[in-house]
Amino acid sequence: MGDFSVILVVLAAVVPVLVLAVSVYLLVNYQHPDDVNQAYFPKLVVVLGLSVAAVSILMLPADVANRQACRHALYNGACSLTLPMKTLWIAVYIADAVLVFFVIPFAMFYYEGDQDKSIAKRLRSALCWVIVSAIVCGLCLGILYGLVGKVDFTVRHLSSSVESFPSSWSGFSSGQPCISPLTRQCSAYTASASSETTWTMRATFPEYVVALATIVGSVLFSIFGGVGIACLPLGLIFSFIRRPKAVITRSQYIKEATELGKKARELKKAAEALHQEERSGNKGRKWRKNVKAVQKELLLLEDDMNALEEMYPQGEQAETTWAFTILGYIGKLILGIIGLVVSVAWVAHIVIYLLIDPPLSPFLNEVFVKLDSVWGLLGTAAFAFFCFYLLLAVIAGETMLGLKLVFITIHPMKWGGTLMNSFLFNVGLILLSSISVIQFCATAFAYYAQATAAQEIFGHTLQSLRGIKYLYKYNVFQYAFVGLSLITLVYYALFGWRKRKPTGRFQLSN
């Protein structure tokens with residue numbers, strides 16, 4: 001146990017530093033050139049949010065390893081010498097909730113504030129919005145906790161008469177295990193249905209906050225994750241199918257570039273008109289709809305420009321550029337196939353282990369256990385990969401639905417072209433979804449994560465909360481996840497192979 005505990009302590013010290021370094025790397029490489037050397041507070045929030053989300057995902061494998069550290073101990077107090085995982089869980093998820101509901105909205109309000117206003121006015125405006133949000137959230141949490149913040153455990157009351165201690169054990173067998181003249185008639189065996197009762201106790205407030213945040217995250221996770229689990233690999237595969245097959249001629253390039261230039265001028269004119277409406281205070285429903293339309297057209301225009309540059313590489317190393325373009329699409333195909341295998345494994349595991357009662361097989365649970373038997377952290381690494389894949393699916397689903405549905409704002413993540421408001425939005429989505437991802441993984445891998453602090457919080461307590469437990473009792477989120485993934489699969493099978501047709505002249509809606 002000693003060597004295992006030392007490894008845990010070392011990992012607990014090293015992993016957060018590595019996570020912080022990776023978060024800074026992602027920020028530096030994904031940020032938009034307009035945000036270089038400015039917007040330092042939103043950047044700090046982004047790094048902190050990414051770090052908390054990554055650490056929270058890695059805590060469940062650490063929880064499993066922490067449990068294994070004292071599994072073969074010879075004395076009862078050995079587990080008290082390991083990491084205090086329940087306290088760490090509560091601390092991480094309280095920080096998660098504070099970031100999602102207060103810090104990130106404040107940073108977004110400040111970043112998106114009118115640039116013509118002074119810093120003090122932008123800070124005051126953002127602070128007012130956050131205070132109002134905090135008051136509303138606090139009132140809702142307090143009222144809900146006071147009314148229904150209780151846990152209802154179903155228990156069975158057992159009692160029996162006193163029997164004389166037997167003088168001989170020869171009469172006991174698998175067919176007669178009880179101290180009774182009647183075969184197999186133990187008190188637990190003969191207990192009637194009326195012996196079941198409900199044991200009610202009040203949940204702690206931090207656990208209740210985590211539970212409500214999990215519910216909100218589960219709604220987003222079942223929608224975006226269900227769509228993303230299919231569109232993430234299929235998008236890469238169909239991107240290879242729709243790839244440019246050959247380099248176009250110079251005359252074709254000039255023609256396409258001229259059309260894109262006209263579209264860019266139309267969008268610039270529309271953006272200037274919307275900015276003028278914003279300055280005049282006319283920010284109604286129609287204005288927001290037009291802003292969403294312009295954002296979508298700008299995103300599609302940028303994709304068209306990149307596609308045109310791919311089909312007509314220029315410069316002295318044009319042939320080399322074209323070769324790398326082809327290799328890039330081959331890489332997308334390989335990653336898409338790997339992702340498709342992981343997505344199929346996830347959906348199959350949900351159906352086999354969660355939706356069918358009793359489960360047909362532990363499936364991925366057994367895979368992780370066998371990998372752990374090969375090397376202590378191999379199963380842990382595989383488990384962390386499956387959890388991170390779900391987060392990537394959530395981001396892919398949000399991007400796809402943002403392009404298709406009017407009421408969802410588009411916040412794409414692009415290498416070297418992500419503005420801080422999009423960064424903050426996606427970090428908030430990752431943080432909110434990470435809570436439900438952990439709960440989802442703790443349920444889906446209950447065999448692998450048994451007897452952990454996470455299972456105590458997200459299993460027994462969360463699934464017994466009054467008013468919430470029925471969502472988990474009847475697997476509402478799991479059915480929604482699988483259903484949306486199948487719908488997305490059908491959508492890609494019917495329309496995914498088609499190339500997008502160029503849009504006509506863009507006009508703002510009246």
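Student: Leaving aside neighbours within four places in sequence, with which residues is Leu390 in contact?

Tutor: Contact means heavy atoms within 4.5 Å. Beyond those neighbours, Leu390 touches Phe221, Ile229, Trp346, Val437, Phe440, Cys441 and Phe481. Please note that this is a predicted model, in which local features need pLDDT of at least 70, side-chain atom pairs count only at pLDDT 80 or more, and totals for chains, interfaces and linings use all residues. Residues are numbered from 1 along each chain as its sequence is written, and side-chain values use heavy atoms, with hydrogens and water left out.

Student: How many residues has the largest nonpolar core, and which have the most contacts inside it?

Tutor: A nonpolar core is a set of buried Ala, Val, Leu, Ile, Met, Phe, Trp, Tyr and Cys residues joined through side-chain atoms within 4.5 Å. Buried means under 20% relative accessible area, exposed over 50%, and partly exposed in between (1.4 Å probe, protein chains only). Here the largest core has 77 residues, and Trp346, Leu390 and Cys441 have the most contacts inside it. Elements giving two or more residues to this core include α2 (40-69), α6, α9 (318-355) and α11 (378-404). The most comes from α12, with 15 residues. A second, separate core of eleven residues includes Tyr145 and Tyr472.

Student: At what angle do the axes of helix α6 and helix α12 cross?

Tutor: Two packed helices are described by the angle and the distance between their axes. Helices (H or I, at least four residues) and strands (E, at least two) are DSSP runs, numbered from the N terminus. Axes are lines fitted to C-alpha atoms, for helices over the stretch in contact, with angles from 0 to 180 degrees between N-to-C directions. The axes of α6 (residues 205-241) and α12 (residues 420-444) come within 7 Å and cross at roughly 95°. Therefore α6 is roughly perpendicular to α12, a label for angles of 65 to 115 degrees (under 35 is roughly parallel, over 145 roughly antiparallel, the rest oblique).

Student: Which residues in α6 meet α12?

Tutor: Among them are Val210, Leu220, Phe221 and Phe224 in α6, which meet residues including Leu429, Val437 and Phe440 in α12.

Student: Where is Phe363, and what is its phi?

Tutor: Phe363 is in the loop between α9 and α10, and its phi is near 50°, a positive value in a residue other than glycine. Phe363 is partly exposed, with a relative accessible area of 29%. Pro358 has its place in the loop between α9 and α10, and the peptide bond from Asp357 to Pro358 is cis, with omega near 0°.

Student: Is Asn475 buried or exposed?

Tutor: Asn475 counts as buried, at 15% relative accessibility. Asn475 lies in the loop between α14 (469-473) and α15, with a positive phi of about 55°.
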